[in-house]
Amino acid sequence: MMLPEACVANILSFTTPADTFTSSAVSSVFQLAGDSDLVWEKFIPSDYSHVVSRSNDHHRKFSSKKELYRYLCESILIDNGRKMFKIEKLSGKISYVLSARDLSIAWSDQRHYWSWNPRSDSRFSEGVELIMTDWLEIIGKIQTGALSPNTNYGAYLIMKVTSRAYGLELVPAETWIKVGNGEKKTKSTYLSRLDSKKQQMERLFYGQREQRMAMDKVVGALRREPDVRDDGWMEIELGEFETGHEGGEDMEVVMSLTEVKGYQLKGGIAIDGIEVRPKPQK
């Protein structure tokens, strides 16, 4: 005998969005129960009204909590277009993208170092491109309380290497993440993917300087490079961190990429922002 719709809805509210979407194919009772506000109230972030109020659609009305859930899955711009908020459809986990304008980038207000321009391929109204510097420092910050609790997150610098790029393959950058008063978790990574022809030309230009750089950490190890994304950009993983339990201490997460030790002139990278998203469960 089929359970009452209200009972089924209550059961579904203790599962996951993925389970609820799938169960709608079981029967009409499950389909109706799966549309219930009781179910989707449990999957929507508790501060959803605050998030929506920061978006361009803050006056929008929703006919149901399920419609609101689907809206929050669409990647919405908030905080005057400086951030992008999204929840993953099947898990309900929260993701953010901090725009380049929401980051601290050394010398980014100096026109002969960095160039700010609208980009048709950007998530935001503008992006920034490095013209030339020997001191690269990019820092982003987010609070653990803005993210899903009890979740393992990764932070990724979203970038591109332009046709005018130079000086990116000789000295690795450092990436690190720090949560609250915890220790920095530091790794080394290159700013571009290996291009053998370009590498040979730069070695000719810079002579033996490559051997004089402090590169002991990466010699003989796996070369970390940007990964190609499905959206046409590339990303560099800055690190990962865990959020605490719901209602726990709200801590600041600092995410960074720097290349400041080699005094190596470099240019030709475009920055779209830093994405903070849940890592796949192992």
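Predicted model: local features only at pLDDT ≥ 70, side-chain atom pairs only at ≥ 80, totals over all residues.

Visitor: How many bridges join β7 to β13, and over how many do β9 and β13 pair?

Guide: β7 and β13 run antiparallel and are joined by eight bridges. Strand β9, residues 173–179, pairs with strand β13, residues 252–259, over six bridges, again in the antiparallel sense.

Visitor: In what order do the five strands of the open sheet lie, and which are the edge strands?

Guide: The order is β4-β7-β13-β9-β10, with antiparallel pairing. The edge strands, each pairing on one side only, are β4 (104–105) and β10 (185–189). As for β13, seven of its eight residues are buried, and the strand is thus mostly covered.

Visitor: With which residues is Leu-157 in contact, leaving aside its neighbours within four places in sequence?

Guide: With those neighbours left aside, Leu-157 is in contact with Ile-138, Met-234, Glu-235, Ile-236, Leu-238, Leu-257, Ile-271, Gly-273 and Ile-274.

Visitor: Is Gly-239 buried or exposed, and where is its place?

Guide: Gly-239 belongs to strand β12, residues 234–242. It counts as buried because its relative accessible area is 11%, and buried means under 20%. Beyond four places in sequence, Gly-239 is in contact with Tyr-153, Gly-154, Ala-155 and Ile-177. Its C-alpha is 7.6 Å from that of Tyr-156, although Gly-239 and Tyr-156 are 83 residues apart in sequence.

Visitor: How should I read a helix such as α6, and which of its residues are buried?

Guide: An α-helix has 3.6 residues a turn, so residues three or four places apart point the same way. In α6, the buried residues are Lys-65, Lys-66, Leu-68, Tyr-69, Tyr-71 and Leu-72. Because six of its eight residues are buried, α6 is largely enclosed by the rest of the structure. Its buried residues pack against α2 (17–23), α4, α5 (48–53), β1 and β2.

Visitor: Lys-66 carries a charged side chain by its name. With which residue does the side chain of Lys-66 meet in a salt bridge?

Guide: In general, side chains of opposite charge can pair when their charged atoms come close. Here the partner of Lys-66 is Asp-35, at 2.7 Å from N to O. Asp-35 lies in the loop between α3 (28–33) and α4 (37–43) and Lys-66 in helix α6 (residues 65–72), so the pair ties together parts 31 residues apart in sequence. Lys-66 is buried, at 17% relative accessible area, whereas Asp-35 is partly exposed, at 36%.

Visitor: How many salt bridges does a search of the whole structure find, and which residues are linked in a network?

Guide: The search finds 21 salt bridges. A network of them links Arg-123, Arg-229, Asp-231, Glu-235, Asp-272, Glu-275 and Arg-277. Another pair is Lys-160 with Asp-121, whose closest N and O atoms are 2.5 Å apart. This pair links distant parts of the chain, with Lys-160 in strand β8 and Asp-121 in the loop between β5 (114–117) and β6, 39 residues apart.

Visitor: Finally, which residues form a nonpolar patch on the surface?

Guide: Trp-107, Trp-135 and Tyr-263 form it, with about 360 Å² of accessible area together. Trp-135 lies in the loop between β6 (127–130) and β7 (136–143), and counts as partly exposed at 33% relative accessibility.

Technical notes
Residues numbered from 1 in each chain as written. Heavy atoms only, no water. Contact = heavy atoms within 4.5 Å. Helix = DSSP H or I, 4+ residues; strand = E, 2+ residues; numbered from the N terminus. Buried < 20%, exposed > 50% of the residue type's maximum accessible area, 1.4 Å probe, protein only. Patch = residues over 30% accessible without salt bridge, like charges linked within 9 Å, V, L, I, M, F, W, Y side chains within 5 Å. Areas by Shrake-Rupley, 256 points an atom, 1.4 Å probe, with all protein chains shown as cover. Salt bridge = Lys/Arg side-chain N within 4 Å of Asp/Glu carboxyl O. Pairing = 2+ DSSP bridges.
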